Amino acid sequence: LCLQVPELEKATVRIRQPERVREIIQALREQGVAKLQVISDFDMTLSRFGCNGRRCPTSHNILDTSRVISEDGKKKLKDLLHYYYPIEIDPNRTLEEKRPLMVEWWTKAHELLVQQKIHKSDIAQIVRESEAMLRDGFKEFFDQLHKNNVPLFIFSAGVGDILEEIIRQANVFYSNVNVVSNYMDFNDDGVLTHFKGPLIHTYNKNNTVLQGTGYFQQLSTRTNIILLGDSMGDLTMADGVPSVENILKIGFLNDKVEERRGKYLDSYDIVLESDETLDVVNGILRYILTE
């Protein structure tokens with residue numbers, strides 16, 4: 001397979017069942033572009049985790065640390081992060097334990113943001129001034145999918161308005177891109193009043209929050225999936241697809257690599273360790289999409 005997808009030779013790549021991965025990639029190629037769709041997380045999956053030794057911001061971080069948030073607001077948001085983030089990534093806690101705590105975190109954070117009276121007109125500037133970065137190779141990724149009419153579904157527990165703006169400013173917000181995320185609701189004066197429901201957090205990225213969107217139903221012939229994520233919660237993103245024939249799960253293991261490696265290798269077909277690029281994904285797409 002490395003002959004066809006040389007990127008799989010990268011030192012960042014780990015695969016527990018190479019034979020199985022080979023079979024899935026072959027099937028994706030043989031069954032053709034008309035059956036393919038891509039389902040991806042956004043923060044720390046399409047966007048970078050780090051740059052020059054520093055953490056890159058998530059869509060929530062971009063807002064939390066921007067000039068439109070008061071110093072007091074920033075402190076409170078940071079306190080929430082320090083309390084809840086270790087719970088989110090704790091490998092020893094069950095999803096049942098984590099879920100209510102994630103709802104608590106997101107709800108408190110969104111309430112704090114609403115108190116800040118954020119203006120819709122500030123969003124583009126907030127993103128422009130931020131250190132948001134898409135992963136290296138993002139342009140080829142978005143371009144390949146667009147050129148081949150492959151639907152890209154971005155399923156994010158982040159802030160939809162911010163992440164859409166990041167994609168827009170990168171000039172890759174094409175017609176094949178669909179986003180489901182936490183969107184802000186503004187009043188007639190353009191001031192944030194609340195977040196639209198349903199609330200999407202790290203561990204409910206599944207069919208429960210997609211009810212009524214009908215997105216996957218419209219794509220019922222797209223039974224082959226490439227799924228991209230960076231957390232255990234991302235593994236359920238394709239649950240709403242009516243019938244899945246082949247699914248290739250690619251996981252970005254960004255943080256606490258040694259500690260979490262085993263779990264990721266159990267869950268994802270391909271694990272990319274501390275890899276800030278989309279090289280492997282692009283290599284696989286190139287192989288699948290090339291006549």
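This note sets out numbered points on a predicted model of one protein chain.

1. **Domains.** The domain assignment divides the chain into domain 1 (6-51 + 133-289) and domain 2 (54-129). Domain 1 is therefore written as two stretches of sequence, with the residues of domain 2 numbered between them. The contact between the two domains takes 36 residues from domain 1 and 31 residues from domain 2. Their centres, taken over C-alpha atoms, are separated by 21 Å.

2. **The largest nonpolar core.** This core holds 91 residues, and Phe 141, Ile 226 and Ile 284 touch the most other members. At least three residues of the core come from each of domain 1 and domain 2. As general background, nonpolar side chains tend to be buried together in soluble globular proteins.

3. **Helices H1 and H10.** Ile 284 also takes part in the meeting of two helices, H1 and H10. Helix H1 covers residues 18-31 and helix H10 covers residues 279-289; their axes lie 8 Å apart and form an angle of about 45°. In general, an α-helix has 3.6 residues a turn, so residues three or four places apart point the same way.

4. **Glu 7.** Not counting residues up to four places away in sequence, Glu 7 touches Val 13, Asp 279, Val 280, Gly 283 and Arg 286. Of these, Asp 279, Val 280, Gly 283 and Arg 286 have numbers within the range of helix H10 (residues 279-289). The C-alpha atoms of Glu 7 and His 110 are 40 Å apart, and these residues are separated by 103 residues along the chain.

5. **Leu 80.** Leu 80 is part of helix H3 (residues 71-89). With a relative accessibility of 12%, Leu 80 counts as buried. Apart from neighbours within four places in sequence, its contacts are Tyr 85, Trp 105, Lys 108, Ala 109 and Leu 112. Ala 109 is 29 residues from Leu 80 along the chain, and 7.5 Å separate their C-alpha atoms.

6. **Helix H7.** Helix H7 (residues 160-169) is mostly covered, with eight of its 10 residues buried. The buried residues are Gly 160, Asp 161, Ile 162, Leu 163, Glu 164, Glu 165, Ile 166 and Ile 167. What covers them includes helices H2 (59-64), H5 (123-129) and H6 (138-147). Strands E5 (152-159), E6 (177-182) and E7 (184-186) are also included in this cover. Asn 171 follows H7 and has a positive phi, near 60°.

7. **Cysteines.** How many disulfides does a search of the whole structure find? The search finds zero. The sulfur of Cys 51 has its closest cysteine sulfur in Cys 56, 5.3 Å away, which is too far for a bond. A disulfide requires sulfur atoms within 2.5 Å. Cys 56 is likewise in no disulfide. Cys 56 counts as buried, at 5% relative accessibility.

8. **Backbone features in loops.** Lys 117 is not a glycine, yet its phi is positive, about 55°. Lys 117 lies in the loop between helix H4 (95-115) and H5, and is exposed with a relative accessible area of 54%. Asn 149, also not a glycine, has a positive phi of about 55°. Asn 149 lies in the loop between H6 and E5, and is exposed with a relative accessible area of 54%. A further point concerns the peptide bond from Gly 197 to Pro 198, which is cis with omega near -10°. Pro 198 is located in the loop between strand E8 (192-195) and helix H8 (215-218).

Definitions and conventions: Residues are numbered from 1 along each chain as its sequence is written. This is a predicted model: local features need pLDDT of at least 70, side-chain atom pairs count only at pLDDT 80 or more; totals for chains, interfaces and linings use all residues. Side-chain values use heavy atoms; hydrogens and water are left out. A nonpolar core is a set of buried Ala, Val, Leu, Ile, Met, Phe, Trp, Tyr and Cys residues joined through side-chain atoms within 4.5 Å. Buried means under 20% relative accessible area, exposed over 50%, partly exposed in between (1.4 Å probe, protein chains only). Contact means heavy atoms within 4.5 Å. Axes are lines fitted to C-alpha atoms, for helices over the stretch in contact, and angles run from 0 to 180 degrees between N-to-C directions. Helices (H or I, at least four residues) and strands (E, at least two) are DSSP runs, numbered from the N terminus.
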